[in-house]
Amino acid sequence: MKKKHLFIIILIALFSHFNAVFAQDCNILVQSAKELINDAENALIRNDITEAKLYLSSISVLISPCSTSRSCSLTAVLDIIAESQNIETISDLNQNIMRISEILDGCLATSTPIPLPTFENQRLTPIVEGQRMAFVGHDTFVNGVAINSSGTQIATTASDQTVRLWDINTGAELQQLGAPEYAHSDLGMGVAFSSDGRYLVSSDFAGEVKLWDLSTGEVRYTWNHDGYVWRVAFNPSNSIVASVGSDNFLRLWNVRTGNAIRALRQGSSSIRGLAFSPSGRQILTGAEDGEVVLWDTNSGDKLASFIQHDASVNAVSFSPDGNRIATVDSDGLLIIWDLAVNANLMTTQAHIGQVFSLLWLQNANIIITGGDDGYVRLWDGTTGDLITEQIIPDRFIRAIASTPDESAVLLGMDNGTVILWNLP
């Protein structure tokens, strides 16, 4: 069964009143339903009644917000789908599918747009209190999110191998980067904007790092690791891209020339965490063996090593003044370190389970973490005290980015969900 269709249907149903694309016309949803009917027919050709019924259930979720329309008999479609769940023979189910297909064809033929219900009439609500916007399109793990410095666009990359640009105010998808000759060929991982808005860098599990020229939508340079690439980052002056991956290397690349600057081997373990200091003079990395290393950007010298994590360090971050760092691991442990004395200032069990999302707000002494337990938590950067938390049930939070004014954060999750959440 095509999981892509199912995820898209569920996401559309959840977020249709936030996304300008879907809020304009239910005909878009009916067209998607028609595509799912074709999938249901193909399932019956394979004698798979269970799969066909799943497609019908997805159609029901998709079109239910539009069922009050008088210009199309979508209520009849919902009734036929409900009846079909009790059918056990291929021939009878096929008859119902043909009836649904005829009704949907009639819906698509009408020239009158099918209005979505108003917000007040919808039973659907945001998945989290304080949700500002939803971005609907990915159908699997969103591993990387970023917001440009002007706060107008976001970028996302996911396990569906796509890199997408979105309008932050409307939720509309603006562009999918990568014609066939440029597209990623494996699971997308890290993504970051340059602060001047000229470039975007992304990475994948095939070991590629791509520098996109946003003025043309084309790849300017492609760099490679010998293994998957976890994270990518620009230095503050946008002259260097850093990348880390499963080949145990931190690699630095020249944005102007495309040349490799240097490759720094941390040890014998994959590197997952990556961050430039606010000044850009230092780089922080975290590895699967639990080691955290501070590097000199210019010389490549190892300045310090921090060893206290017993699990993979998945994300790292600098404090606004660059004097402290925060690290989180796959056991959910959060540690704040003092760089002046290379000492552990605070250790707390931030989450139950893996944590891949860590952000230290640069205009406030607040650390934000998101975990596979579904929680977003805000911490005091000095004391480590928990300030507040928000649960997003049944979701893994895999990526976080802040708006320039730090009024909201972008959250990327395991089912393709991407939302902009107002910070309390």
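Which residues on the other side of α6 are exposed? They are Glu102 and Ala109, where exposed means over 50% relative accessible area, buried under 20% and partly exposed in between, with a 1.4 Å probe and protein chains only.

The model shown is predicted: local features need pLDDT of at least 70, side-chain atom pairs count only at pLDDT 80 or more, and totals for chains, interfaces and linings use all residues. Residues are numbered from 1 along each chain as its sequence is written, and side-chain values use heavy atoms, with hydrogens and water left out.

The protein has six helices and 28 strands; these are DSSP runs numbered from the N terminus, helices being H or I of at least four residues and strands E of at least two. Of its 424 residues, 57% are buried. Contact means heavy atoms within 4.5 Å. Among the contacts with a separation of 6 or more, 49% join residues 24 or more positions apart.

Helix α6 covers residues 90–109. The expected span of a helix is 1.5 Å times one less than its number of residues. For the 20 residues of α6 this gives 28 Å, and the end C-alpha atoms are 28 Å apart, which agrees. The buried residues of α6 are Leu93, Asn96, Ile97, Ile100, Ser101, Leu104 and Cys107. Seen down the helix axis, they fall within an arc of 145°, so they line one face of α6; the arc is that of the directions from the axis to the C-beta atoms.

Next come the aromatic rings. The whole structure holds eight aromatic pairs. Rings of Phe, Tyr and Trp (its six-membered ring) pair if their centres lie within 6.5 Å; planes under 30 degrees apart count as stacked, over 60 as edge-to-face and the rest as tilted. Phe135 and Trp166 form an edge-to-face pair, 5.9 Å centre to centre with 70° between the planes. Because Phe135 lies in the loop between β1 and β2 and Trp166 in strand β4, the pair ties together parts that are 31 residues apart in sequence. Both Phe135 and Trp166 are buried.

Phe205 and Trp230 also pair edge-to-face, at 6.1 Å and 75°. Phe205 is in the loop between β7 and β8, and Trp230 in strand β10, 25 residues apart. Phe205 is partly exposed because its relative accessible area is 27%, whereas Trp230, at 12%, counts as buried. Together with Tyr228 and Phe356, Phe205 and Trp230 form one aromatic cluster.
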